[in-house]
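Could you walk me through this structure while I have it open in my viewer? I would like to know what to select at each stop and what is there.

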Amino acid sequence: MEARSSRELQARNYLEKHRIMDLLTYLTSALLFFRPERPREYLISILERLRIARLSGVALPFFMDNSNIASMFEMLDSSNKGSISFVQYKEALKTLGLCTAEEVLKDDGHGVTFEKFRNEVNKRTQEIWSAF
């Protein structure tokens with residue numbers, strides 16, 4: 001029983017050290033967001049672009065460009081107020097694989113503007129990719 005627990009702990013530590021679960025969460029979110037016709041090829045292309053970026057030192061790939069971020073924000077801001085609620089903001093980040101359910105985000109009591117939403121999506125995406 002103890003050996004199994006030790007192996008599970010080693011496995012968990014390995015996954016955390018290499019941020020494998022973060023990568024898989026982000027890949028899954030991208031897959032569900034874009035819903036490509038050929039999902040395996042799409043995932044391979046993402047990983048290949050990531051590998052090339054790492055080897056060549058070019059910018060890391062972003063799969064949510066500003067038009068995608070704007071579209072998502074507009075869907076959330078259905079009343080066209082120019083802001084979304086904090087709950088919508090956190091759910092959107094979770095949907096994109098950029099935030100965990102356990103993560104505590106600071107709610108300043110104001111709505112979240114498009115600029116804040118876009119900046120946070122870009123910042124968190126950069127943080128995720130730079131870890132790989």
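Predicted model: local features only at pLDDT ≥ 70, side-chain atom pairs only at ≥ 80, totals over all residues.

**Stop one: a pair of helices.** Select residues 20–34, helix α2, together with residues 39–56, helix α3. Their axes come within 11 Å and cross at roughly 130 degrees. The crossing is right-handed.

Now show the side chains where the two helices meet. On the α2 side, pick Leu23, Leu27, Ala30, Leu31 and Phe34; their partners in α3 are Pro39, Tyr42, Leu43, Ile46 and Leu47. Colour this contact by residue type and you will find ten nonpolar residues, with no polar and no charged ones.

**Stop two: the core.** Next, select Tyr89, Leu93, Leu98, Phe117, Val121 and Trp129. Within the largest nonpolar core, which has 24 residues, these six touch the most other members. To see which elements give two or more residues to this core, highlight α2, α3, α4 (66–76), α5 and α6 (114–130). As background, nonpolar side chains in soluble globular proteins tend to be buried together.

**Stop three: lysine 94.** Finish in helix α5, residues 86–95, where you will find lysine 94. Leaving aside neighbours within four places in sequence, lysine 94 is in contact with Cys99, Thr100 and Ala101.

Technical notes:
Residues numbered from 1 in each chain as written. Heavy atoms only, no water. Axes fitted to C-alpha atoms, helices over the stretch in contact; angles between N-to-C directions. Helix = DSSP H or I, 4+ residues; strand = E, 2+ residues; numbered from the N terminus. Left-handed = near helix turned anticlockwise from the far one by under 90°. Contact = heavy atoms within 4.5 Å. Nonpolar A, V, L, I, M, F, W, Y, C, P; charged D, E, K, R; others polar. Core = buried A, V, L, I, M, F, W, Y, C linked by side-chain atoms within 4.5 Å. Buried < 20%, exposed > 50% of the residue type's maximum accessible area, 1.4 Å probe, protein only.
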